[in-house]
Amino acid sequence: MELLRKIRLQKAYSLLLNSDMTISEIAYEVGFGTPSYFSSCFKKQYDKYPTDVRK
């Protein structure tokens with residue numbers, strides 16, 4: 001389960017840097033049920049929020 005989450009978050013990180021998709025769209029694209037859960041998992045993994053990466 002943890003490995004799958006890490007892979008999804010890596011894909012999301014790449015999408016944040018290289019696409020114009022919204023954070024919500026990215027969350028659903030990589031398989032998270034809600035954008036808020038995606039953001040909290042992202043924060044745990046990378047110690048920053050998806051919006052911080054997007055800037």
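**View 1. Asp 47 in the loop between H3 and H4.**
Asp 47 sits in the loop that runs between H3 and helix H4 (50-54). Helices here are DSSP runs of H or I with at least four residues, strands are runs of E with at least two, and numbering starts at the N terminus. The model is predicted: local features need pLDDT of at least 70, side-chain atom pairs count only at pLDDT 80 or more, and totals for chains, interfaces and linings use all residues. Residues are numbered from 1 along each chain as its sequence is written, and side-chain values use heavy atoms, leaving out hydrogens and water. Asp 47 is exposed, at 60% relative accessible area. The cut-offs are under 20% for buried, over 50% for exposed and in between for partly exposed, with a 1.4 Å probe and protein chains only. The phi of Asp 47 is near 60°, a positive value in a residue other than glycine. Most residues other than glycine have a negative phi.

**View 2. Lys 48, in the loop between H3 and H4.**
Lys 48 is partly exposed, with 33% relative accessibility. Beyond residues up to four places away in sequence, Lys 48 touches Tyr 13, Phe 42, Lys 43 and Val 53. Contact here means heavy atoms within 4.5 Å.

**View 3. Arg 54 in helix H4.**
Arg 54 counts as partly exposed, at 32% relative accessibility. Its contacts, leaving aside neighbours within four places in sequence, are Leu 15, Leu 16, Ser 19, Met 21 and Ile 26. Arg 54 and Tyr 13 are 41 residues apart in sequence. In space, 9.1 Å lies between their C-alpha atoms.

**View 4. Arg 5 in helix H1.**
With a relative accessible area of 23%, Arg 5 is partly exposed. Arg 5 touches Phe 32, Tyr 37 and Cys 41, not counting residues up to four places away in sequence. Tyr 46 is 41 residues from Arg 5 in sequence. The C-alpha atoms of Arg 5 and Tyr 46 are 12 Å apart.

**View 5. The largest nonpolar core.**
The largest nonpolar core holds 13 residues. Such a core is a set of buried Ala, Val, Leu, Ile, Met, Phe, Trp, Tyr and Cys residues joined through side-chain atoms within 4.5 Å. Those with the most contacts inside the core are Leu 9, Leu 16, Ile 26, Val 30, Phe 32, Phe 38 and Phe 42. Helix H1 (2-18), helix H2 (23-29) and helix H3 (35-46) each supply at least two residues of this core. H1 gives the most, with four. In soluble globular proteins, nonpolar side chains tend to be buried together.

**View 6. Phe 38 and its partners.**
Phe 38 touches Leu 9, Ala 12, Ile 23, Ile 26, Ala 27, Val 30, Phe 32 and Pro 50. Residues up to four places away in sequence are not counted. Phe 38 is also among the residues with the most contacts inside the largest nonpolar core.

**View 7. Val 30 between H2 and H3.**
Val 30 lies in the loop that joins these helices. Val 30 is buried, with a relative accessible area of 9%. Its contacts, apart from neighbours within four places in sequence, are Arg 8, Lys 11, Ala 12, Leu 15 and Phe 38. Lys 55 is 25 residues from Val 30 in sequence. Their C-alpha atoms are 20 Å apart.

**View 8. The whole chain, for orientation.**
The chain has four helices and zero strands. Along the sequence, the pattern is α-α-α-α. The C-alpha atoms fill a box of roughly 30 × 20 × 20 Å along the principal axes. For 55 residues, a compact globule would have a radius of gyration near 10 Å, and the chain agrees, with 10 Å. That radius is taken over C-alpha atoms, and the globule rule is 2.2 Å times the number of residues to the power 0.38. Of the 55 residues, 29% count as buried. Among contacts between residues at least 6 apart in sequence, 46% join residues at least 24 apart.
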